Amino acid sequence: MDAVHLGGLGGTYGGNPLACAAALAVLDLMERDRLAERGVAIGKQIRTCFCELANRHQAIGDVRGLGAMLAMELVKDRASKEPDKELATRVQVEALKRGLVLLTAGTYGNVIRVLVPLTVEDAVLAEGLAWWRKRSRRPRPDAAGG
């Protein structure tokens, strides 16, 4: 800290020693708990679930994401990809009634985005995915052929 010239430390990109120590602690934790690998494993479970849903429901136009952050795009018609914001909102509200917090996203508000904490307990993740699977057991008429 004594080597920095006057005015050389102060700005958005200045290295705050406390922030640097916190960052190093986080990196140690990520390595110790193998959180990068955990993110891949969580994402695989969510993607599998979302792809199963997409196979049953024409209203899911796309499943995308990386690691533990995934999304499904809800559409009125899979061929035209016309956004279905109303359906996304209904799904979000129904999930919240049952304790599952979902975010809508996207330019048209028709994307359900899921970002699961890398430290989520397996039982909690399983409970959330079970909600999705339970909701999808009864295909709606719009799911025919998909």
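The largest pocket in this predicted model has a volume of about 480 Å³. Its lining consists of 21 residues, and the elements that contribute two or more of them are helix 2 (35-56), strand 5 (111-115) and helix 4 (122-136). The protein has 146 residues, of which 29% are buried.

**Largest pocket**
- Leu-100, Val-101, Val-116, Val-124 and Gly-128 are the lining residues that lie nearest the centre of the largest pocket.
- Helix 4 supplies seven residues, the largest share of the lining.
- By residue class, the lining of the largest pocket splits into 16 nonpolar, two polar and three charged residues.

**Overall fold**
- Four helices and five strands make up the secondary structure of the protein.
- Read from the N terminus, the order of these elements is α-α-β-β-β-α-β-β-α.
- Of the contacts between residues at least 6 apart in sequence, 55% join residues at least 24 apart.

- The structure contains two aromatic pairs.
- In one of them, the ring centres of Phe-50 and Trp-132 are 5.4 Å apart and the ring planes meet at 70°; an angle over 60 degrees counts as edge-to-face, so this pair is edge-to-face.
- Phe-50 is buried.
- Buried means under 20% relative accessible area, so Trp-131 at 11% is buried, and Trp-132 at 9% is buried as well.

**Glu-94 and its contacts**
- Glu-94 is located in helix 3 (residues 85-97).
- The side chain of Glu-94 makes a polar contact of 2.3 Å with the side chain of Arg-98.
- With neighbours within four places in sequence set aside, Glu-94 is in contact with Trp-131 and Arg-135.

- Arg-78 sits in the loop between strand 2 (69-77) and strand 3 (82-83).
- The relative accessible area of Arg-78 is 25%; since values under 20% are buried and those over 50% exposed, Arg-78 is partly exposed.
- Not counting residues up to four places away in sequence, Arg-78 touches Ala-54, His-57, Gln-58, Ile-60 and Gly-61.
- The side chain of Arg-78 reaches two backbone oxygens: that of Ala-54 at 2.6 Å, and that of His-57, which lies 2.6 Å from a polar atom of the Arg-78 side chain.
- Gln-58, one of the residues touched by Arg-78, is 20 residues away from Arg-78 in sequence, with a C-alpha to C-alpha distance of 6.0 Å.

Note on methods
Residues numbered from 1 in each chain as written. Predicted model: local features only at pLDDT ≥ 70, side-chain atom pairs only at ≥ 80, totals over all residues. Heavy atoms only, no water. 1 Å grid on protein atoms, 1.4 Å probe; cavity = no way out; pocket = protein on both sides within 12 Å on 5 of 7 lines; lining within 4 Å. Points joined across faces, edges and corners; volume = space filled by probe spheres on them. Nonpolar A, V, L, I, M, F, W, Y, C, P; charged D, E, K, R; others polar. Phe/Tyr/Trp six-rings, centres within 6.5 Å; stacked < 30°, edge-to-face > 60°. Buried < 20%, exposed > 50% of the residue type's maximum accessible area, 1.4 Å probe, protein only. Contact = heavy atoms within 4.5 Å. Polar contact = N/O pair within 3.5 Å; in protein donor to acceptor, adjacent residues only side chain to side chain.
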